[in-house]
Amino acid sequence: MMEKISSLAKRRGFIYPDSEIYGGYQGFWDYGPLGVELKNNIKRQWWKSMVYNREDIVGMDTSIIMNPVVWEKSGHLKAFTDPMVECRECHKRFKEEDKKSHEHDDWTEPKIFNLLTEVLLGTTEPKEKAYLRGEITQGVFTNFENVVASSRVKIPFGIAQIGKAFRNEITPGNFTFRSREFEQMELEYFVKPDEAESKKIFENWKEQRINWYESLGMTAKKLRFQDHKDKEKAHYAKYATDIQYEAPFGWSEFEGIHHRGDFDLKNHGLSYLDQETQEKYIPWVIETSGGVDRAALFFLIDAYYEDGERVILKLHPKLAPIKVAVFPLLSNKPDLVKKAKWLFGKLKIAIPPVAWDDRGNIGKRYFSQDEIGTPWCVTVDFQTLEDETVTIRDRDTAKQERVEIDKLSEWFSAKLNDPTSGVGDPTSGDPTSGVGFILK
Ligand code: GAP
């Protein structure tokens, strides 16, 4: 299965090995024309649900390289100085003495795992040592007081961020699953220090996050929570749960929900003043930390279907890299091509990105679009020239429907703006939202 996915990903332009012409580079990957669309769609949907659809969450974009003191205070430098062993099966790390309590028994040699990637800054010797961030989180914490002072947030509130993180993984593998450079989408949600209340908020975020993956089509029975045992917890976590997907290589974490308590803000010496009560305290943090690359990989795996020779990527329309493909029935009939080009021009403004294909026969074009997950194919044929109708063919049912060009706007708007399935946003007035575009 993983071979099928990685070969489709390469052949159709989702994911390529990084620096492939020089033999690749272990733990690094490049996203091609379709891969970047898939990833952007995941990030866009996440941002919508975490920031735009809420009143208690704001966004940020912080630096990849930070003052190295941050990593001392965050505990990352210290946490990586004890020798650890890594389980070759699940890749979790333990102190030697904790090996006994683990279910697998295939270990690496004890080593100091400094996961932080070092970089040297400056043009004169000695250069200054800094680090590429090992989690995107710390920039949110170091800016906590800036955000409180410059925006109108009040506890409880959250800060959302999407960005690259880097880890010196010693065993990268399973395609993009364990990489050295990857993207995270994280929420840090700041709450009052209260055991019962923060537990409730933690449980609530668990539900919201697993529901989000399901709402984008991930198979519910392939998703589960896995609580961290005490020995598995990250150094900052009071308690933690993973969202796991049943991948071809076993149940695997792709999002962590962590109760970080006051660990980070306290270590950075930061606090919060409630303007109404004048109460000063260090908030606790509930974190949801998802991997964009792991989500992209699991959405691809989950969407992959075979029907005889045919491969169908049943991606949710919101995630599909290409929303619609437009074909002239025959490429050697100028009238058909002209009309189809006109329609293509309209649709690519209304619901981008739209594909054009006039190669081979219609069957092969459907085959090609199914394989990359395009939900709908529109064909301009001879009847179109007479009555201004086209056929729309649905990827999942292979059913065709004849629709008047004048009604296409409505047809796609209904599909795309359905809050449970489309891509557009009926309230945005954005021409790319798929609403109200004119097909004349
Ligand atoms: N701020 C908390 C944090 O970073 P984590 O559980 O270490 O928590 C969160 O990482 C998510 O980041 C993981 O669930 C995974 O999706 C992604 N991730 C972590 N290491 C990764 C790697 N080496 N390759 C790809 N994604 C990774």
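Helices here are DSSP runs of H or I with at least four residues, and strands are runs of E with at least two, numbered from the N terminus. By that count, Pro-156 sits in the loop between helix α6 (144–150) and strand β9 (157–166). The model is predicted. Keep that in mind throughout.

Stay with Pro-156 for a moment. The peptide bond that joins Ile-155 to Pro-156 is cis, with omega about 5°. A cis bond also runs from Glu-125 to Pro-126, where omega is near -10°. Pro-126 belongs to the loop between β7 (117–121) and β8 (128–132).

Other loops carry a backbone feature of another kind. Phe-175 is not a glycine, yet its phi is positive, about 60°. This residue is in the loop between β9 and β10. Phe-175 has a relative accessible area of 13%. Buried means under 20%, so Phe-175 counts as buried. Gln-278, also a residue other than glycine, has a positive phi near 60°. Look for Gln-278 in the loop between β14 (272–273) and β15 (280–281).

Now turn to the ligand.

Several atom pairs can be picked out around the ligand. Ser-179 places a backbone N or O atom 2.8 Å from a ligand nitrogen. Gln-184 uses its side chain: an N or O atom there is 3.0 Å from a ligand oxygen. Gly-291 has a backbone N or O atom 3.0 Å from an oxygen atom of the ligand. On its own, the ligand has 550 Å² of accessible area, and the protein covers 94% of that.

Glu-287 is in strand β16. Its relative accessibility is 1%, so Glu-287 counts as buried. The side chain of Glu-287 makes a polar contact of 2.5 Å with the side chain of His-258. Another polar contact, of 2.9 Å, links the side chains of Glu-287 and Arg-260. His-259 is in strand β13. This histidine is buried too, with a relative accessible area of 0%. A polar contact of 3.0 Å joins the side chains of His-259 and Ser-198.

Follow the chain on from β13 and you reach Asp-262. This residue is in the loop between β13 and α8 (263–267). Its relative accessible area is 24%, which makes Asp-262 partly exposed. Compare the position of Asp-262 with that of Val-292. They are 30 residues apart in sequence, and their C-alpha atoms are 26 Å apart in space.

Finish at the surface. Leu-330, Phe-382 and Leu-385 form a nonpolar patch there, with about 240 Å² of accessible area together. Leu-330 comes from the loop between β19 (324–328) and α10 (334–350). Why can Leu-330 be part of a patch? Patch residues need over 30% relative accessible area. Leu-330 has 34%, so it passes that cut-off while counting as partly exposed.

Definitions and conventions: Residues are numbered from 1 along each chain as its sequence is written. This is a predicted model: local features need pLDDT of at least 70, side-chain atom pairs count only at pLDDT 80 or more; totals for chains, interfaces and linings use all residues. Side-chain values use heavy atoms; hydrogens and water are left out. A polar contact is a pair of N or O atoms within 3.5 Å; within protein, one must be able to donate a hydrogen and the other to accept it, and residues adjacent in sequence count only if both atoms are side-chain atoms. Accessible areas come from the Shrake-Rupley method with a 1.4 Å probe; for residues, only the protein chains shown count as cover. Patches are made of residues with over 30% relative accessible area and no salt bridge: like charges are joined within 9 Å, nonpolar side chains (Val, Leu, Ile, Met, Phe, Trp, Tyr) within 5 Å. A salt bridge is a side-chain nitrogen of Lys or Arg within 4 Å of a carboxyl oxygen of Asp or Glu. Buried means under 20% relative accessible area, exposed over 50%, partly exposed in between (1.4 Å probe, protein chains only).
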